[in-house]
Amino acid sequence: MTTTAAPDPAPVRSPLPQALAGSTAVLIGGTAGIGLATAELLAAAGARVVLAGRDPERLDGAVRRVRAAVPANGVEDGGDGPVLGVVADVRDERTVEEVFARAGAVDHVLLTAGGFEGAGPLADLTRAGAQAAFESRLWGALAVARSAAPRLAPGGSVTFSSGVLVTRPRPGLSALLGVAGGIEPLTRALAVELAPRRLRVNAVRFGIIDTALSRRAAGAEEARSTPVPLGRMGTPEEAASAVLFMMANTYVTGEILTVDGGFSIG
Ligand SMILES: NC(=O)c1ccc[n+]([C@@H]2O[C@H](COP(=O)([O-])OP(=O)(O)OC[C@H]3O[C@@H](n4cnc5c(N)ncnc54)[C@H](OP(=O)(O)O)[C@@H]3O)[C@@H](O)[C@H]2O)c1
């Protein structure tokens, strides 16, 4: 009779800031907003970062900005250096695969891509609009997880983006939130599925964070001026530091961490 050896337990690593030094993180949606702030914090912590987004000019600008955050004694891997940019669209699996092929060995992945596909009142909703939300939000997340999982080292992580409107919705977002709300159960389901490989899957549920996305959202002014117990919007850096926690803590998986200044309880 053949017996299968139990896999080794998940590795233990020091928490922040040491945990991320020398690691490689792929940030899909890393060229603006929360993704870009995460890239800057990671580079400053000594990680190698791979940024992906659709607009090549925005990508070039982001790579330059993140390079400026690399400490003088930062990682040099002899290849593309500590910051690499790859043009990709999360709705196109071929380009997602290309990001991971270019990245090489990967420890952590963050997905912040996605906009307001499918937003609008119910009366104006089309099947194509709802499908666009699905392609960008849920299929995008599944495609990223599928490309990432075989390449991640034990202890590695995938972090998805969720948002407080999933629990406190506003009118005109039913299709978008119906689809984007699926990120949270997807996070827990993938955490269970990938735990035997000692990979972790988490999500951050962001409150109103001061980025281009929250400025151009439908009902943006109302959302941005909604009273929040802590009295203001969040900064991209505050949102990003929650992502670094998810990446660094090797005992956190299947978790949805809310960073919203008390929006959910206010
Ligand atoms: N900001 C908030 O208040 C807030 C609140 C709750 C949840 N969230 C969620 O948090 C995530 C990040 O938000 P953010 O405010 O940082 O957004 P952002 O400032 O608009 O940045 C989005 C980033 O994703 C890229 N991107 C967008 N669509 C993409 C696609 N199809 N494929 C690849 N890259 C794509 C963008 O670059 P390109 O356009 O060049 O591709 C950009 O780099 C989003 O999922 C958002 O829904 C944000």
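**Entry 1: salt bridges**

I looked up Glu184 and found a salt bridge to Arg205, with the closest N and O atoms 2.8 Å apart. The pair links distant parts of the chain, with Glu184 in helix H6 (residues 183-194) and Arg205 in strand E6 (residues 200-206), 21 residues apart. I took helices (H or I, at least four residues) and strands (E, at least two) as DSSP runs, numbered from the N terminus. My salt-bridge cut-off was a side-chain nitrogen of Lys or Arg within 4 Å of a carboxyl oxygen of Asp or Glu. Glu184 and Arg205 are both buried. Buried means under 20% relative accessible area, exposed over 50%, and partly exposed in between (1.4 Å probe, protein chains only).

I note the basis here. This is a predicted model, where local features need pLDDT of at least 70 and side-chain atom pairs count only at pLDDT 80 or more, while totals for chains, interfaces and linings use all residues. Residues are numbered from 1 along each chain as its sequence is written, and side-chain values use heavy atoms, with hydrogens and water left out.

How many salt bridges does a search of the whole structure find? It finds nine.

Next I checked Asp210. Its salt bridge goes to Arg224, the closest N and O atoms being 3.0 Å apart. Asp210 sits in the loop between E6 and helix H7 (212-216) and Arg224 in helix H8 (residues 220-225), so this pair ties together parts 14 residues apart in sequence. Asp210 has 30% relative accessibility and therefore counts as partly exposed. Arg224, at 19%, counts as buried. I also found Asp210, Arg215 and Arg224 linked in a network of salt bridges.

Then I looked at Arg65. It forms a salt bridge with Glu40, with 3.2 Å between the closest N and O atoms. Arg65 belongs to helix H2 (residues 56-67) and Glu40 to helix H1, so the pair joins parts that are 25 residues apart in sequence. Arg65 is partly exposed at 46% relative accessibility. Glu40 is partly exposed too, at 22%.

**Entry 2: strand E2**

Is strand E2 (residues 48-53) mostly covered or mostly open? It is mostly covered, with six of its six residues buried. I sorted the residues by direction. Arg48, Val50 and Ala52 point one way; Val49, Leu51 and Gly53 point the other way. In a regular strand the side chains alternate between the two faces of the sheet.

I then traced the partners, counting two strands as paired if DSSP finds at least two bridges between them. E2 pairs in the parallel sense with strand E1 (residues 24-28) over five bridges. Ile28 has Ala52 as its bridge partner in E2. Five bridges also join E2 to strand E3 (residues 83-87), again running parallel. In E3, Val83 is the bridge partner of Val49.

**Entry 3: ligand**

Which residues come nearest to the ligand? Of the 28 around it, they are Thr31, Ile34, Arg54, Arg58 and Thr211. A residue is near if one of its heavy atoms lies within 4 Å.

I listed contacts between N or O atoms. An N or O atom in the side chain of Thr211 is 2.5 Å from a ligand oxygen atom. A polar backbone atom of Ala32 is 3.1 Å from an oxygen atom of the ligand. For Gly114, a backbone N or O atom lies 3.4 Å from a ligand nitrogen atom. Taken alone, the ligand exposes 890 Å², and the protein buries 92% of that. I used Shrake-Rupley areas with a 1.4 Å probe.

Note on methods
A polar contact is a pair of N or O atoms within 3.5 Å; within protein, one must be able to donate a hydrogen and the other to accept it, and residues adjacent in sequence count only if both atoms are side-chain atoms.
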